[in-house]
Amino acid sequence: MITKDKLDRINELAKKKKEEGLTEEEQQERKALHEEYIGNVRNSLKAQLDSIKIVPAEEVEQVKPSKNGNNITKENIQDAVAQVSQFLPNENEELTDEEKERVAFISDKLGKEFRNQQISDEQLSQVLTGNPSNPTGQAGDEMLSRMNNSHKGLTDWALTFLKDENIKPSTILDIGCGGGAAIKNLHERYPKATIYGIDVSDLAIQKTIEFNQKGVTEDKVRVTKGSVENLPYGDDFFDLVVSIESYYFWPRFQNCLEQIKRVLKPNGTCMIVAELYGDLELTYKENLIAQKFNQNLLTKKEFKDSFEKAGFKNIRIYTEDNPNWICVEAQK
Ligand SMILES: C[S@@+](CC[C@H](N)C(=O)[O-])C[C@H]1O[C@@H](n2cnc3c(N)ncnc32)[C@H](O)[C@@H]1O
């Protein structure tokens, strides 16, 4: 058993190792303590894995914590994810293959449940009534404002893939501009560029204009109601076309991609960015939204094939896990 005295001794030896080095004897002692410590952590992890019960999202509210407190509920899911993932990076090599598999399995399940919990019931009803494919009404208004914040991390992450020294866009288009945050972000990054926004939703157009008052007044931000299916811009016009969390709703994706290629200048960049794609297993709430709005989720392979078919070059697909993000980038 790992007592407080032993933990203190582990820390003392670690400090000494760093500062002045350990004698042969101390090294042996440290190794023995370390093994005991790892064994202890391993047993406790095993016990946790055995007693964890994953609760379907729709039952979370009704589930009472079990006697050992290991049901995965709204309150403790974040802790559970942290516990498992914290354990992994340093100590992974100490696990047996079977344990590694179980840890991978459980963290996958926990991650999925965690994503489910991240959409609160209130947000779910906002999305279902506000309609992300064409936001309307008060729920749509609130949803777009929320997305302006919640998609910032995703947008910033994707924009890191633009190599600033090579790309100095003077004309940029954001397709499905929603609440207008990505346009503001791009305007701040490229103050000399003119940023165009397009969206099928009247409400999104209004919100984007309100959110970009300064850029609109200076005529650096221009917003138009319309659809990606039939872009109202001339050929070879944009240096950069981005679209965040919108591709799912586009009718006939292949045609839309060909429209994007048409309006891009030669060597211009197209960037499609999203949280969901076809290779992911959807959570219960994500499924509800996807079904209601006929979201068309493409797999990485489908993205690649479509970009190739449209004649794009340098197709790169970047992904991130937890949160799940995808960025497909290519040049005309
Ligand atoms: C989930 S919202 C994302 C908004 C914004 N890009 C963001 O990241 O917060 C999807 C947006 O795509 C727009 N959209 C859906 N279909 C579209 C189409 N065919 N052409 C242009 N925009 C479209 C919707 O109106 C909505 O504003």
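Ala, Val, Leu, Ile, Met, Phe, Trp, Tyr, Cys and Pro are counted here as nonpolar, Asp, Glu, Lys and Arg as charged, and the others, Gly among them, as polar. On this basis, the shell around the ligand in the predicted model comprises 13 nonpolar, nine polar and three charged residues. The shell has 25 residues in total, and those that come nearest to the ligand are Met147, Gly176, Gly178, Ser201 and Ser246.

Two packed helices are described by the angle between their axes and the distance between the axes. For helix α11 (residues 253-263) and helix α13 (residues 300-310), the axes come within 9 Å and the crossing angle is roughly 50°. Angles under 35 degrees count as roughly parallel and those from 65 to 115 as roughly perpendicular, so α11 and α13 are classed as oblique to each other. The crossing of α11 with α13 is right-handed. On the α11 side, the contact is formed by Phe253, Gln254, Leu257, Glu258 and Lys261, and on the α13 side by Ser306, Phe307, Lys309 and Ala310. Sorted by class, this contact of α11 with α13 contains four nonpolar, two polar and three charged residues.

Between Glu258 and Phe312 the C-alpha to C-alpha distance is 9.4 Å, at a separation of 54 residues in sequence.

Backbone torsions were considered next. Most residues other than glycine have a negative phi. Asp219 has a positive phi, near 60°, and Asp236 likewise has a positive value, near 50°. Asp219 is located in the loop that connects α10 (213-217) and β5 (221-225). Asp236 is located in the loop between β5 and β6 (238-244). Asp219 is exposed because 8 other C-beta atoms lie within 10 Å. Asp236 has 12 C-beta neighbours inside 10 Å and so also counts as exposed, since the exposed class covers counts of 12 or fewer.

Note on methods. Residues are numbered from 1 along each chain as its sequence is written. This is a predicted model: local features need pLDDT of at least 70, side-chain atom pairs count only at pLDDT 80 or more; totals for chains, interfaces and linings use all residues. A residue is near a molecule or strand if its C-beta atom, placed from the backbone, lies within 6 Å of it. Axes are lines fitted to C-alpha atoms, for helices over the stretch in contact, and angles run from 0 to 180 degrees between N-to-C directions. Helices (H or I, at least four residues) and strands (E, at least two) are DSSP runs, numbered from the N terminus. Angles under 35 degrees count as roughly parallel, over 145 as roughly antiparallel, 65 to 115 as roughly perpendicular and the rest as oblique. A crossing is left-handed if the near helix is turned anticlockwise from the far one by less than a right angle, and right-handed if clockwise. Two residues are in contact if their C-beta atoms, placed from the backbone, lie within 7 Å. A residue is buried if 20 or more other C-beta atoms lie within 10 Å of its own, exposed if 12 or fewer, and partly exposed in between; C-beta atoms are placed from the backbone.
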